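I opened my notebook to look up a few things in this model. Come along and check each entry as we go.

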Amino acid sequence: MSEALLVKNIGLLQTPEGKAPLRGAAQGRNRKYRNAAVLVENGVICAVTENGVLPDCPAGADVVDAGGRLVTPGLVDAHTHLVFGGWRQHEIPLKLAGAGYLDILAAGGGILSSVDATRAATEDELYEKSFGFLDELFAQGVTTVEAKSGYGLDTKNEIKQLTVIRRLRETHRADVIPTFLGAHAVPREYLGRADEYVALLCRETLPAVAWDGLAEYCDVFCEKGAFDVAQSRRVLTTALYHGMKPKLHVDEIEEIGGTALAKELRAASAEHLAVTGGAGMEALAAAGAVAVLLPGTSFYLNKGFANARGMIEHNIPVAVATDFNPGSCPSLNIGLCMTLAYLKYRMTPEEILTSVTLNAACAVGRGEVSGSVEAGKRGALVVWDAPDVETLCYRFGSNLAKTVITP
Ligand code: NIG
Ligand code: FE
């Protein structure tokens with residue numbers, strides 16, 4: 001017998017459409033159904049109706065009454081560092097005293113202190129902790145989550161983090177996408193020997209990750225003080241050889257040429273882009289990559305915000321994500337990121353909805369199955385305690401997700 005779910009009495013159903021990333025003016029086009037209903041059968045959306053018409057519904061279907069509220073696709077958080085030991089609250093006084101993000105890292109703190117705590121934690125401890133984070137995201141309407149490694153920085157501990165991500169994927173209701181970020185920082189034991197660490201990643205860690213099928217994507221922190229363009233290229237071309245698709249942390253603090261590398265390697269996404277200028281945008285537009293922007297990080301580092309309007313004008317598809325991590329953005333509040341996108345990026349509510357659904361889904365290879373409410377896609381929907389997306393972007397700090405539906 002088939003399992004059916006009818007979501008009825010939807011005041012406004014708002015969704016981007018299609019399976020490919022939306023760019024330029026298309027990013028701001030959402031389909032709006034009034035007085036709508038959605039039928040999900042066996043986890044797949046099979047009908048969307050409007051103007052009070054109900055789909056033909058199998059007898060015995062479960063029914064969710066949306067009470068005239070807003071319904072959107074389940075949100076997608078396309079950039080998180082979900083699995084780590086410890087926290088880094090002790091860095092705030094250093095930041096307030098003027099130490100920069102890279103100063104703290106160079107002094108052995110920052111990412112490296114999270115590496116110590118992650119290495120010291122057991123797989124089970126990390127699993128319990130990050131399962132709780134996933135619950136927190138899910139309760140806010142996030143039904144697809146990308147999760148990066150990058151706090152192990154040796155083969156054993158990177159595999160430990162990715163194994164946790166695999167367990168999350170197998171046990172949580174959210175769809176979890178694993179990304180290998182072994183090139184997140186140069187570990188203490190390789191200090192001053194970044195090329196040797198890159199060689200270790202290529203010779204040992206990447207093949208081990210690939211052998212166990214632990215990652216769909218490979219990311220690199222391509223930044224001054226982390227990995228330069230040549231080192232990033234070496235890691236990502238090796239990852240491509242092993243069947244992982246490239247992503248890049250680029251232009252978070254300085255432009256060092258990472259956008260050109262994204263174009264050269266046809267990266268799936270380029271992420272951060274807080275300081276990307278015109279030439280970088282042209283490279284990204286040519287790359288076809290999704291720009292994953294992280295306004296919570298700009299806020300928390302007290303830095304400038306990415307030029308999202310410029311990217312949309314350059315026909316670059318824009319996604320917005322949390323960047324949840326213990327240093328530069330210890331918050332899982334995707335609604336706050338939507339408000340920052342509204343006020344600081346000056347994106348419209350329609351563009352923002354696309355940025356946290358379809359474009360984010362495309363950044364993690366899920367555009368075919370997630371990111372919009374359309375027949376054939378996964379039945380991941382959110383009923384919001386709000387009448388429209390404008391209200392979601394406006395009511396910052398509150399979680400307005402009322403009912404989160406996944407197959
Ligand atoms: O995306 N910039 C690199 N990585 C993370 C921060 C990680 C950390 O500080 O622990 C980011 O902001
Ligand atoms: Fe990040």
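**Notebook: strands, helices and a ligand**

Entry one. I began with a residue pair and found that D219 stands opposite K247 in β10. A friendly reminder to myself: this is a predicted model.

Entry two. How many bridges join β9 and β10? I counted six, with strand β9 (residues 217-222) and strand β10 (residues 245-250) pairing in the parallel sense.

Eight strands make up an open sheet with parallel pairing, and I wrote down their order as β6-β7-β8-β9-β10-β11-β12-β13. Which strands stand at the edges? They are β6 (75-77) and β13 (318-320); each has a single partner strand, so one side of each is left without a neighbour in the sheet. From one strand to the next, I noted a twist that averages 25 degrees.

Entry four. Helix α6 (residues 194-211) lies across β8 (175-183) and β9, and I have its direction at about 150 degrees to β8. Helix α8 (residues 258-265) lies across β9, β10 and β11 (269-272), and runs at about 170 degrees to β10.

Which of the 15 residues around ligand 1 come nearest? My list reads Y101, Y151, H184, E252 and S328. Sorting the shell around ligand 1 by class, I got four nonpolar, eight polar and three charged residues.

I looked up polar atoms next to the ligand. For E252, an N or O atom in the side chain is 2.6 Å from a nitrogen atom of ligand 1. For S328, a polar side-chain atom lies 2.6 Å from an oxygen atom of ligand 1. For H249, a polar side-chain atom lies 3.0 Å from an oxygen atom of ligand 1.

How much of ligand 1 does the protein bury? Taken alone, ligand 1 exposes 320 Å², and I found that the protein buries 100% of that.

Technical notes:
Residues are numbered from 1 along each chain as its sequence is written. Chains are lettered from A and ligands numbered from 1 in the order in which they are written. This is a predicted model: local features need pLDDT of at least 70, side-chain atom pairs count only at pLDDT 80 or more; totals for chains, interfaces and linings use all residues. Side-chain values use heavy atoms; hydrogens and water are left out. A residue is near a molecule or strand if one of its heavy atoms lies within 4 Å of it. A polar contact is a pair of N or O atoms within 3.5 Å; within protein, one must be able to donate a hydrogen and the other to accept it, and residues adjacent in sequence count only if both atoms are side-chain atoms. Accessible areas come from the Shrake-Rupley method with a 1.4 Å probe; for residues, only the protein chains shown count as cover. Ala, Val, Leu, Ile, Met, Phe, Trp, Tyr, Cys and Pro count as nonpolar, Asp, Glu, Lys and Arg as charged, and the others, Gly among them, as polar. Two strands pair if DSSP finds at least two bridges between them. Helices (H or I, at least four residues) and strands (E, at least two) are DSSP runs, numbered from the N terminus. Axes are lines fitted to C-alpha atoms, for helices over the stretch in contact, and angles run from 0 to 180 degrees between N-to-C directions. Contact means heavy atoms within 4.5 Å.
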